[in-house]
Amino acid sequence: MRIGMIGLGAMGLPIAKRLLGAGHELCAFDLSPRAVGEAEAAGARICPTAGEAAADTEVLFCSLPNAAIVRSVLEEILGRESIGASVIADLSSIAPESARKFSEMAAARGITYMDCPVSGGVGGAAAGTLTVMAGGPDQAFLRMRPLFETIGRKICHIGPVGAGSGVKMVNNYLLGCNMAAAAEALVLGAKIGLGLDTMYEIIRESSGRSFIIENKIPNFIKKRSFEGGFAVDLEYKDLGLAVETAKQLSMPIPMGSTAVQMFEAARAKGFGRQDITSLLKIWEELMDTEVR
């Protein structure tokens, strides 16, 4: 199948490589020369614009940082006289309302837009073990499913457009709140003399267990390595989506509002591109202790 790919970032590039490895033709576009060079070396045909990446393809994937950039790309694509792709599968993490607006924009040109955010991180993208949360019409989902199965292990059709973005937003809201709470708890434990190994062994088998405890402690916190992973900036953006959606619904979400401030503090400390576990360092500095 001829596939377009717009966005070759931390997730988009390994996803593009998975599609190429499955034997598909790929027309790719990104602003990063490094990413473009790596995609070309893997076999992709590089297009000079986003519009051209969509022109001679059957379906189009987008993996972009935020809704504003998605809108800009869609306006460029939909403004062309000729559009090849009949389905746009947007892997970006955006608000449900944005997804519904983008669907209306695409429908005006006879194109089906699906919001299909993914979970599983960069490692999952490279291994093809992502969870794909798709929102959109049944027929489009069935058409895209073989491609989703190339990049993911758990493929879920959540419902109509907006549903995929909605469940991803709820998931990442919980992730952000959990990380903020775990950072406080682990530093509290360290302050009273508990070692990290002890807390890890007990909590991962007890009612306080979570993805943060089971995954982030061994892979980031114990190693004192905060590079890579899921960036503070991205989680901050995702928490913002939830907070803004809650405002539209006149719903108070005090836990999320507090977590946003913790992630804002991490950004102020210069941790924006580090893994979300870097929140730990804020509390360590405040309490003059280190989780070991």
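A disulfide is a pair of cysteine sulfur atoms within 2.5 Å of each other. The views below show a predicted model, in which local features need pLDDT of at least 70 and side-chain atom pairs count only at pLDDT 80 or more, while totals for chains, interfaces and linings use all residues. Residues are numbered from 1 along each chain as its sequence is written, and side-chain values use heavy atoms, with hydrogens and water left out.

**View 1. Cys62 and the cysteine closest to it.** The structure holds 0 disulfides, and the sulfur of Cys62 is too far for a bond from the closest cysteine sulfur, that of Cys116, because 10 Å lies between them. Cys62 is buried at 1% relative accessibility, where buried means under 20% relative accessible area, exposed over 50% and partly exposed in between, computed with a 1.4 Å probe and protein chains only. Cys177, at 17% relative accessibility, also counts as buried.

**View 2. Strand S4 and its neighbours.** Helices (H or I, at least four residues) and strands (E, at least two) are DSSP runs, numbered from the N terminus, and two strands pair if DSSP finds at least two bridges between them. Strand S4 (residues 59–62) runs parallel to strand S1 (residues 2–6), to which 4 bridges join S4, and S4 also pairs in the parallel sense with strand S5 (residues 87–90) over 4 bridges. Cys62 in S4 stands opposite Ile6, and in S5 the bridge partner of Cys62 is Asp90. In a regular strand the side chains alternate between the two faces of the sheet. In S4, Val59 and Phe61 point one way and Leu60 and Cys62 the other way, and all are buried.

**View 3. The salt bridge between Glu38 and Lys17.** A salt bridge is a side-chain nitrogen of Lys or Arg within 4 Å of a carboxyl oxygen of Asp or Glu, and by this rule the count comes to 18 salt bridges. One of them joins the side chains of Glu38 and Lys17, at 2.5 Å from N to O. Glu38 lies in helix H2 (residues 33–41) and Lys17 in helix H1 (residues 12–21), so the pair ties together parts that are 21 residues apart in sequence. Glu38 is partly exposed at 31% relative accessibility, as is Lys17 at 33%.

**View 4. The salt bridge between Arg100 and Glu97.** The side chains of Arg100 and Glu97 meet in a salt bridge of 3.4 Å, N to O. Both residues belong to helix H5 (residues 96–107), where, being 3 residues apart, they are separated by about one helical turn.
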